[in-house]
Amino acid sequence: MISITKLLIGTEHFGDSLRYRHRKQQTPHGTSTGHGPVVAWNITRTCNLSCIHCYMNSEKQNYKGELSHEEAISFIEDLAAFKVPVLLFSGGEPLMRDDIFSLAAHAKKLDIRPTLSTNGTLITRQVAKKIKNIGVGYVGISLDGLEETNDAFRGSSGAFNAAIKGIENCVAVGQKVGLRFTINRHNFKQLDAIFDLVEDLNIDRICFYHLVYTGRGSEIVESDITHEESRQGMDLIINRTLDFHRRGLKKEILTVDNHADGIYLYNRIKEIDPARAEKVYKLLKTNGGNRSGIAFANVDSYGNVHPDQFTQNHRLGNVRDRSFSDIWTNRSHPILYGLKDRKSLLKGRCSQCQWLSLCNGNFRARAEAVTGDFWESDPACYLTDEEIGLNSNLAYNT
């Protein structure tokens, strides 16, 4: 996750304290001393929509074998003992689970910051008040474009308007809310309009996600944008972020799932503001790039632990059998062990990139989806050979 506002402007938001904390000492679980990883928890696979890029392949049906309420409570208590700072309740659609409010409240009680990732269609004014009263730190509502585009992706007519109403209900009760927007070829030209929407609806935050080829997302690899479009998109995001700042609009702008964004941003700033670029470099160095398996983890609705939500084909263990902390600190699993110190395992362009200490090999799920090799280069890296320090005649390691 790249904080465009932090890097460009220097503004501070809650997540920046986790993303850009100095890690002078590594603990056995690879995160900053005294803290476990941020955990994204798919509390249910059930969803009221059927999005074509869903990494969970969720449908509007009940799925047997998901963690019971009692098991979920025990899981949260284990996370608290492990000093997990943030628990992201996701799905499916998390609001489809009857005990979502009691689970989020229990996390808050144990000093874990609960956040919510939702399609927003079920957030009535009453639900928004419940979320606010519990103390949920942030609600991220997914949109995939303007009305027609979004509803096509969501597989439901009216999903856009329902999500907008959910956003308005959060804003009305003072609940921090943001957009989650997955960039693809079908909505790429709507980026400008999405920034306008953020301003018009007084939305606090927006995360621009790069497409990851997993779940139903693996079926739409051809819908990903080109490398040139990735660069154009970053230019637009940078320019609109600066425009918000100049006009005194306090918005948090982030990009997610492609650490090439950080290097691209650094190179652009270096041309116009070398002093600021030096600060950006230090922040990117402190962050260390992709942190799947290090400072970020995923647990699915059945209790299986994964390096992140896009690598659910790699199971590290199950919280029904062992505590999350035991699973996360165990070095016997080759994927988890490899991710914690992956640089020597990476292949292709990634292995010889001069920015490896800032990117950390980007997203392994995309590499595996396209090449079949978990440690190969991420095909979504849009930096040129020249930009990463390679010449065109260099034979890459395989």
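Colleague: Which residues is Ile164 in contact with, leaving aside its neighbours within four places in sequence?

Modeller: Contact means heavy atoms within 4.5 Å. On that basis Ile164 contacts Leu143, Leu197 and Leu201, its neighbours within four places in sequence being left aside. This is a predicted model, in which local features need pLDDT of at least 70 and side-chain atom pairs count only at pLDDT 80 or more, whereas totals for chains, interfaces and linings use all residues. Residues are numbered from 1 along each chain as its sequence is written, and side-chain values use heavy atoms, with hydrogens and water left out.

Colleague: Where does Ile164 lie, and is Ile164 buried or exposed?

Modeller: Helices (H or I, at least four residues) and strands (E, at least two) are DSSP runs, numbered from the N terminus. Ile164 belongs to helix α7. Buried means under 20% relative accessible area, exposed over 50%, and partly exposed in between, with a 1.4 Å probe and protein chains only. Ile164 has a relative accessible area of 11% and is therefore buried. Its C-alpha atom is separated by 8.9 Å from that of Leu143, 21 residues apart along the chain.

Colleague: How is the packing of α6 and α7 described?

Modeller: Two packed helices are described by the angle between their axes and the distance between the axes. Axes are lines fitted to C-alpha atoms, for helices over the stretch in contact, and angles run from 0 to 180 degrees between N-to-C directions. Here α6 and helix α7 (residues 159–173) pack at about 105°, their axes being 8 Å apart. Angles under 35 degrees count as roughly parallel, over 145 as roughly antiparallel, 65 to 115 as roughly perpendicular and the rest as oblique. The two helices α6 and α7 are therefore roughly perpendicular. From α6, Glu147, Asn150, Asp151 and Arg154 make the contact, and from α7, Ala159, Phe160 and Asn161. For classes, Ala, Val, Leu, Ile, Met, Phe, Trp, Tyr, Cys and Pro count as nonpolar, Asp, Glu, Lys and Arg as charged, and the others, Gly among them, as polar. The contact of α6 with α7 divides into two nonpolar, two polar and three charged residues.

Colleague: Why does Asp151 count as buried?

Modeller: Asp151 counts as buried because its relative accessibility is 11%. Asp151 is in helix α6 (residues 147–154), and Asp151 touches Ser156, Ser157, Gly158, Ala159 and Phe160, when residues up to four places away in sequence are not counted. Arg154 is also placed in helix α6, and with a relative accessible area of 8% Arg154 is buried.

Colleague: How do α5 and α7 cross?

Modeller: The axes of helix α5 (residues 125–134) and α7 come within 9 Å and cross at roughly 50°. That angle makes α5 oblique to α7. As to hand, a crossing is left-handed if the near helix is turned anticlockwise from the far one by less than a right angle, and right-handed if clockwise. The crossing of α5 and α7 is right-handed. Arg125, Ala128, Lys129 and Lys132 of α5 meet Asn169, Cys170, Ala172 and Val173 of α7. By class, this contact of α5 with α7 has four nonpolar, one polar and three charged residues.

Colleague: Which residues touch the most other members of the largest nonpolar core?

Modeller: In soluble globular proteins, nonpolar side chains tend to be buried together. A nonpolar core is a set of buried Ala, Val, Leu, Ile, Met, Phe, Trp, Tyr and Cys residues joined through side-chain atoms within 4.5 Å. The largest nonpolar core has 87 residues, of which Trp41, Phe89, Phe208 and Phe324 touch the most other members. Helix α10 gives the most to this core, with six residues. Apart from it lies another core of seven residues, including Ile335 and Phe374.

Colleague: What is to be read from the backbone of Asp111 and of Asn360?

Modeller: Asp111 has a positive phi of about 70° although Asp111 is not a glycine. Asp111 is placed in the loop between α4 and β4 (113–118), and Asp111 counts as exposed at 69% relative accessibility. Phi of Asn360 is near 65°, also a positive value in a residue other than glycine. With a relative accessible area of 6%, Asn360 is buried.

Colleague: Which residues does a cis peptide bond join?

Modeller: The cis peptide bond joins Gly91 and Gly92, with omega about 15°. Gly92 is in the loop between β3 (86–90) and α4 (100–109).
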